[in-house]
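Please read this briefing with the sequence and the model side by side. The points are grouped by topic.

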Amino acid sequence: MGRRPRRAPRQWAAAQRGALAELLGCAPEALLFEQLAGRAPRLLKPAPGKGGTAPGFSISHSGQWVACAVSADTALGLDIEVLDPARDIDALAEHAFDDA
């Protein structure tokens, strides 16, 4: 696999922003996110609907692959990983999952 162009993650984020805006019926520019170090981004605007449930969104990339998911009213998350025999799966699991 070749090196991924540096701008690719921005293009993926733009695609996710567009999908989320379409789902919510607003312009992509109307979306406002909060980004905290080490945490997934959180949608600040538009505010959750009458039911109080915020839209869900997630994006993941590995190697040349990217996956994006959006939901109008469900929290969600996804992760993709290219198979790599050299990767320490136990260390990855310890980092990604808690004891629950």
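Which element gives the largest share of the lining of the second largest pocket? Helix 1 does, with 6 residues. This is a predicted model, in which local features need pLDDT of at least 70 and side-chain atom pairs count only at pLDDT 80 or more, while totals for chains, interfaces and linings use all residues. Residues are numbered from 1 along each chain as its sequence is written, and side-chain values use heavy atoms, with hydrogens and water left out.

**Overall layout**

- The chain has 2 helices and 4 strands; helices (H or I, at least four residues) and strands (E, at least two) are DSSP runs, numbered from the N terminus.
- Along the sequence, the order of these elements is α-β-β-β-β-α.
- Among the 100 residues of the chain, 15% count as buried; buried means under 20% relative accessible area, exposed over 50%, and partly exposed in between, with a 1.4 Å probe and protein chains only.

**Largest pocket**

- The largest pocket holds about 370 Å³ of space.
- A pocket is an open set of points on a 1 Å grid over the protein atoms alone, where a 1.4 Å probe fits, with protein on both sides within 12 Å along at least five of seven lines; lining residues have an atom within 4 Å of a point. The volume is the space filled by probe spheres set on the points.
- The largest pocket is lined by 15 residues, and A40, P41, F57, S58 and I59 are the closest to its centre.
- Strand 2 (42–45) and strand 3 (56–62) are the elements that give two or more residues to this lining. The largest share, 4 residues, comes from strand 3.
- By class, the lining has 9 nonpolar, 4 polar and 2 charged residues. Here Ala, Val, Leu, Ile, Met, Phe, Trp, Tyr, Cys and Pro count as nonpolar, Asp, Glu, Lys and Arg as charged, and the others, Gly among them, as polar.

**Second largest pocket**

- The second largest pocket has about 210 Å³ of space.
- Its lining has 12 residues, and those closest to its centre are A13, Q16, P41, F57 and I59.
- Helix 1 (8–24) and strand 3 each supply at least two of the lining residues.
- This lining divides into 8 nonpolar, 3 polar and 1 charged.

**Aromatic pair**

- There is 1 aromatic pair; rings of Phe, Tyr and Trp (its six-membered ring) pair if their centres lie within 6.5 Å, and planes under 30 degrees apart count as stacked, over 60 as edge-to-face and the rest as tilted.
- The rings of F33 and F57 have centres 5.3 Å apart and planes at 75°, so the pair is edge-to-face.
- F33 lies in strand 1 (residues 32–34) and F57 in strand 3, so the pair ties together parts 24 residues apart in sequence.
- F33 is partly exposed, at 25% relative accessible area, whereas F57 is buried, at 13%.

- Helix 2 (residues 89–96) is hardly covered, with 0 buried residues among its 8.
- D88 caps the N-terminal end of helix 2, where a side-chain oxygen lies 3.2 Å from the backbone nitrogen of D90.
- S71 is in strand 4 (residues 65–71), and S71 is buried at 13% relative accessibility.
- A polar atom of the S71 side chain lies 3.0 Å from the backbone nitrogen of T74.

**Cysteines**

- The count of disulfides, pairs of cysteine sulfur atoms within 2.5 Å, is 0.
- C26 is partly exposed at 24% relative accessibility, and C68 is partly exposed at 41%.

How values were computed: Polar contact = N/O pair within 3.5 Å; in protein donor to acceptor, adjacent residues only side chain to side chain.
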